[in-house]
Number of protein chains: 2
Amino acid sequence: MNIKKAVTDYPIQHALADRWSPYGFEERAVTEADLCSLFEAARWAASSYNEQPWNYIVATKDNSKEFDQLLSCLVEANQAWAKAAPVLALGVVSLRFAKNHKDNRAAVHDLGLASGNLVVEATSRGLAVHQMIGILPDKAREVYQIPEHFEAWTAMAIGYNADPATMPAALKERDLAPRQRRPLGDFVFAGQWKHASPFVSKRDT
Amino acid sequence: MNIKKAVTDYPIQHALADRWSPYGFEERAVTEADLCSLFEAARWAASSYNEQPWNYIVATKDNSKEFDQLLSCLVEANQAWAKAAPVLALGVVSLRFAKNHKDNRAAVHDLGLASGNLVVEATSRGLAVHQMIGILPDKAREVYQIPEHFEAWTAMAIGYNADPATMPAALKERDLAPRQRRPLGDFVFAGQWKHASPFVSKRDT
């Protein structure tokens, strides 16, 4: 049930407009076939020098030990709602190039590309993903023995968004709040910083 | 003409499998309607605290002064092929939260989410995007008067991929090279670092 489709100024693909980040999740599990396709989608993202700096540690609720372990790597405020999701994942980035050990300036960006692909695949399958930056990287390093030059950077809660009517008041409000974005003219420029690109300003008038 | 659809181990959406990063571009321009939808797609990406830390400076070839200005912000190796694209864009990230001026650890990641959305929209419209990390951030700051705490991080060449038969030998080879990725078991873990998740290893056997 999608309750928050984006109201767009220009047409975009359903898989992009339908995406939002719920605080409420149904108990319903995600199938293994869906999970394989989600991470397969991440796999085919672009990356600088095809480094593929992304790694994911995944926990499903049917393994309560592993699920609790992963949950413990989130900040408390995220644990509070993310514990309802049937699947949690940590995004762990390789900060240096494997071939020459130099810093990879694109690493964190390319983790974003991979996770973004995963979210498109999820949305297309009726699943919802809530991405988080509020995690405990040092805790994750300890729990999973993450090696040097790799770092847990993000987390994701994956599942089916809950009907807000079934949710506690505080979370329900968040899931019912309208979606807001800066207009295109605020961030698409030409020639000079803060000068809206003509293809945007022409249409906004 | 898509010549490099991904050969996937698990099914994924066409807009993800069809994406690749060409070195050759046709002269054909991108319509303003397509450009609006591409950046609209970026607009609806997720971001930490809905900060939307992404900004884009866009140049189209019909404005040769602006196009050359943007081209001058790429490293030479990228200028060599990117000059053929009808549209270039710089991705400029806001490194601090607007509301409290604190560092935004998700900023570069979230630029990746926005650019990833743009690429999905482009692929769905038959366009190709080649993303670059090889840019000159200091040059971009000077050319566009990019303010402190913002930084040019990425670039994109946007257009229609060329028929390799029409391309110089060196570039043609790159566009005809097979696409390679690590298998899922190499980067999707459970319980411990480098332990392939059971939903992956079960299917790989």
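**Notebook: chains A and B**

I started at the strand contact between the chains: A:Ile57 stands opposite B:Phe189, which lies in strand 5 of chain B. The model I am reading is a predicted one. One bridge partner I looked up next was that of A:Tyr56, and I found B:Val188, again in strand 5 of chain B.

In what order do the strands of the open sheet run? I read 3(A)-4(A)-2(A)-1(A)-5(B), which makes 5 strands, with mixed pairing. At the edges I noted strand 3 (128-132) of chain A and strand 5 of chain B; each has a single partner strand, so one side of each has no neighbour in the sheet.

**Interface**

I looked up the contacts between the chains: 68 residues of chain A are in contact with 68 residues of chain B. On the chain A side, I listed the elements that give two or more residues, including helix 1 (14-17), helix 2 (32-43), strand 1 (54-60), strand 4 (150-159) and helix 8 (198-204). Which element of chain A gives the most to this side? I found helix 5 of chain A, with 11 residues. By residue type, the side of chain A that touches chain B divides into 37 nonpolar, 20 polar and 11 charged residues.

**Symmetry**

I checked how chain A is laid on chain B: a turn of 180° with a shift of 0.0 Å along the axis does it, at an RMSD of 0.0 Å. That is the relation of a two-fold axis. I also compared the interface residues of the two copies. Of those in chain A, 100% are also interface residues in chain B, so the copies meet through the same surface.

**Core**

I turned to the largest nonpolar core, which has 131 residues. A:Leu90 and B:Leu90 are the residues with the most contacts inside this core. From chain B, the core draws at least three residues from each of domain 1 (14-160) and domain 2 (180-205).

What is A:Leu90 in contact with, leaving aside its neighbours within four places in sequence? I noted A:Tyr56, A:Ile57, A:Leu70, A:Cys73, A:Ile135, A:Ala140, A:Ala152 and A:Ala155. Two of these names were already in my notes: A:Tyr56 has B:Val188 as its bridge partner, and A:Ile57 stands opposite B:Phe189.

How values were computed. Residues numbered from 1 in each chain as written. Chains lettered and ligands numbered in written order. Predicted model: local features only at pLDDT ≥ 70, side-chain atom pairs only at ≥ 80, totals over all residues. Contact = placed C-beta atoms within 7 Å. Helix = DSSP H or I, 4+ residues; strand = E, 2+ residues; numbered from the N terminus. Nonpolar A, V, L, I, M, F, W, Y, C, P; charged D, E, K, R; others polar. Pairing = 2+ DSSP bridges. Least-squares fit on C-alpha atoms with pLDDT ≥ 70 in both. Core = buried A, V, L, I, M, F, W, Y, C linked by C-beta atoms within 7 Å. Buried ≥ 20, exposed ≤ 12 C-beta atoms within 10 Å, placed from the backbone. Domains from an automatic or database assignment.
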